[in-house]
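Dear colleague,

I am passing this structure on to you, and I would be glad if you could look it over before reading my notes. The sequence and the model come first, and my notes come after them.

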Amino acid sequence: MEFKVLKYDGNARTGILKTAHSEIATPVFMPVGTVGAVKSLDAIDMAEILDAKIILANTYHMYLRPGSKVVKEFGGLHGFSKFNRSFLTDSGGFQAFSLRANTKNDDGGIKFKSHIDGSMHYFTPRSVLDTQYDLGSDIMMILDDLIALPAEKKRVELSLKRTIKWADEAIKYHKLKQSQGIGLNQNIFGIIQGGTDYEARKICAQALANMPFDGLAIGGLSVGESNNEMYDTVEGVMPFTDASRPRYLMGVGTPQDLVENVERGVDMFDCVMPTRNARNGTLFTSFGKINVKSARFINDHAPIDFECNCYTCQRYSRGYLNHLFKAKELTFFRLASIHNLHYYLNLMKQIREAINAGEFAKFKRNFYAKIYV
């Protein structure tokens, strides 16, 4: 992997990240394709219609179904899904958190019961990498100990201890496997934990920055804390990360979250919000969100957003989308998801252009002025 910072505007920055499968302009939003597909969309939609350079798949879900050996036999995620650009795979730490009624963390890893058939499994720092070697992802995330917020100081300290221990084990294992010819085109990111505790984040960031990870992620946010607590935590941890490596804020978030955290120096984002909202009828526009299932759109001939040039807005009206949603027509999921993902990807493009022009502050003012008009 190659990463080069091209331009700074304050702490906001643009760059180029090159993997074996694509060249990615940053800051970038990564659509979430949990089980090897972005819900309701296929590889042609992602590559040719949306021009996404990288998408995220999930180790936990692919491990359970269809199994990493099956995916490997098809040529990894790229051969299996036919999306020939980059994949980032999450390690499953967040799924252990979100399904925590069925999981138990210990110092060696995470024990969990499958949500599919109830079978028992154990993820370790090594085993999640073995799964990701089979998946063939371009960027692999390590196993971390994610906790809900707010959290007691004792639990934060335990999370910190485990996350640093697991990170050290993971990076050493990855270097060993590469010396054996495995994972040579795969990159590995460490994950900084610590809740909203400044000192805990500092300790974790400094420890991981001293390990030879290809990039660093900020995990454990957007899990119960306020927006301001999230922004302050990101801002506080940035001085302790290596500016020469990409910075990834995991599972975040709203368009406002993207703008605010780019301003603080984040390069990479992912979130299910655009596709999940699309399926529920909530569509993002340059002037805020609309709920297209509302009765006021029944006779509306306008596109979702007059300023949008996405596949959906160029062809279909709010009235038609209103009808598809109410008729429970599956086509709605595709058209709405294309629009919302286009909005997110285009927002990042506009942000990159503003940073390169030295006008990010002006862009941010205009962004807020339009959505809160």
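Below is what was found, going from the overall layout to single residues.

Please keep in mind throughout that this is a predicted model. The chain is divided into two domains, with domain 1 covering residues 2-270 and domain 2 covering residues 278-372. Taken over C-alpha atoms, the centres of domain 1 and domain 2 are separated by 27 Å, and the contact between them takes 31 residues from domain 1 and 29 residues from domain 2.

The largest nonpolar core holds 88 residues, and the members that touch the most other members are Met 46, Leu 88, Met 141, Phe 213, Tyr 248, Met 268 and Ile 351. Helix H13, residues 331-356, gives the most to this core, with ten residues, and the core draws at least three residues from each of domain 1 and domain 2. Leaving aside residues up to four places away in sequence, Met 268 touches a list of residues that includes Leu 17, Val 28, Met 30, Leu 88, Phe 189 and Tyr 248. There is also a second, separate core of 14 residues, among them Ile 290, Phe 297, Cys 310 and Leu 324.

Gln 193 sits in the loop between strand S11 (187-192) and helix H8 (198-209), and with a relative accessible area of 1% it counts as buried, because the cut-off for buried is under 20%. Among the residues that Gln 193 touches, again not counting those up to four places away in sequence, are Asp 144, Asp 145, Ser 159, Thr 163, Arg 201 and Gly 220. Gln 350 lies 157 residues from Gln 193 along the chain, and the C-alpha atoms of these two residues are 30 Å apart.

Asp 300, in turn, belongs to the loop between strand S16 (288-291) and helix H12 (318-326). Asp 300 has a relative accessible area of 18% and is therefore buried by that cut-off of under 20%, and it touches Ser 317, Arg 318 and Gly 319, once residues up to four places away in sequence are set aside.

On the surface, Val 70, Phe 74 and Phe 80 form a nonpolar patch, with about 250 Å² of accessible area together. Val 70 lies in helix H3, residues 68-73, and is partly exposed, with a relative accessible area of 35%.

With kind regards

Technical notes:
Residues numbered from 1 in each chain as written. Predicted model: local features only at pLDDT ≥ 70, side-chain atom pairs only at ≥ 80, totals over all residues. Heavy atoms only, no water. Helix = DSSP H or I, 4+ residues; strand = E, 2+ residues; numbered from the N terminus. Buried < 20%, exposed > 50% of the residue type's maximum accessible area, 1.4 Å probe, protein only. Contact = heavy atoms within 4.5 Å. Patch = residues over 30% accessible without salt bridge, like charges linked within 9 Å, V, L, I, M, F, W, Y side chains within 5 Å. Areas by Shrake-Rupley, 256 points an atom, 1.4 Å probe, with all protein chains shown as cover. Salt bridge = Lys/Arg side-chain N within 4 Å of Asp/Glu carboxyl O. Core = buried A, V, L, I, M, F, W, Y, C linked by side-chain atoms within 4.5 Å. Domains from an automatic or database assignment.
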